[in-house]
Amino acid sequence: MGALPVFRWRLAPDGYATRRQLRARGLRPGGQEVAAQLERPRRRRGTLVAYLYRIDLAKPVQPMTPARWAALGKANAARRRCPACRGDAGYVIPTSLGTCVPCAYPDPHGSEGST
């Protein structure tokens, strides 16, 4: 494959879309290679790059099956389970903490506290 065509930001021709744009249309790249790229120059940081895919080669998004929904539910439940106390935190455990908030910051005065 040769060099990718490069377009300026907002100047891509019809027939190309980013992953998000494909998803909004109910499509996915479907194994195709990146067809082109957009570049948006910035003053103080590096150039922003967005990869484009051909819409005519895109495939429909595969529907969620009951097994996929079940697997997604188990994965989300695992993200809520604290590895220290093994309890369900009721929220996704922050990776910066690695445990639920009560385990990460235990109350030094016990459960009664001092007020």
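The protein chain contains 3 helices and 6 strands, where helices (H or I, at least four residues) and strands (E, at least two) are DSSP runs numbered from the N terminus. Read along the sequence, these elements follow the pattern β-β-α-β-β-β-β-α-α. The coordinates are those of a predicted model, in which local features need pLDDT of at least 70 and side-chain atom pairs count only at pLDDT 80 or more, whereas totals for chains, interfaces and linings use all residues. Residues are numbered from 1 along each chain as its sequence is written, and side-chain values use heavy atoms, with hydrogens and water left out.

Along the principal axes, the C-alpha trace spans about 65 × 45 × 25 Å. The accessible surface amounts to about 9100 Å², of which carbon and sulfur atoms contribute 53%; areas come from the Shrake-Rupley method with a 1.4 Å probe, and for residues only the protein chains shown count as cover. Of the 115 residues, 17% count as buried, with buried meaning under 20% relative accessible area, exposed over 50%, and partly exposed in between (1.4 Å probe, protein chains only). Among contacts with a separation of 6 or more, 48% involve residues 24 or more positions apart, contact being defined as heavy atoms within 4.5 Å.

In soluble globular proteins, nonpolar side chains tend to be buried together. In the present model, the largest nonpolar core has 6 residues, namely Ala17, Leu22, Leu27, Tyr53, Ile55 and Ala58. Such a core is a set of buried Ala, Val, Leu, Ile, Met, Phe, Trp, Tyr and Cys residues joined through side-chain atoms within 4.5 Å. With neighbours within four places in sequence left aside, leucine 27 is in contact with Leu22, Ile55, Ala58, Lys59, Pro60 and Val61.

A polar atom of the side chain of glutamine 32 lies 3.2 Å from the backbone oxygen of proline 29. Beyond four places in sequence, glutamine 32 contacts Tyr53, Arg54, Leu57 and Ala58. Residues up to four places away in sequence not being counted, glutamine 37 touches Leu4, Pro5, Val6, Phe7, Val49, Ala50, Tyr51 and Leu52.

Alanine 12 occupies the loop between strand S1 (6-8) and strand S2 (16-17) and is partly exposed, with a relative accessible area of 29%. The C-alpha atoms of alanine 12 and glutamine 37 are 8.5 Å apart, at a sequence separation of 25 residues. Under the exclusion of residues up to four places away, alanine 12 touches Phe7, Leu38 and Leu52.

A search of the whole structure identifies 1 aromatic pair. This pair, phenylalanine 7 and tyrosine 16, is tilted, with 5.9 Å centre to centre and 50° between the planes. Rings of Phe, Tyr and Trp (its six-membered ring) pair if their centres lie within 6.5 Å; planes under 30 degrees apart count as stacked, over 60 as edge-to-face and the rest as tilted. Tyrosine 16 is partly exposed, at 25% relative accessibility.

Most residues other than glycine have a negative phi. Arginine 10, in the loop between S1 and S2, has a positive phi near 70° and is exposed at 74% relative accessibility. Arginine 86, in the loop between H2 and helix H3 (101-104), has a positive phi of about 65° and is exposed at 53%.

Helix H2 (residues 66-80) includes alanine 78, which is exposed at 53% relative accessibility. Alanine 78 and arginine 40 are 38 residues apart in sequence and 39 Å apart in space, C-alpha to C-alpha. Glycine 73 also lies in helix H2 and is partly exposed, with a relative accessible area of 39%.

Technical notes:
Polar contact = N/O pair within 3.5 Å; in protein donor to acceptor, adjacent residues only side chain to side chain.
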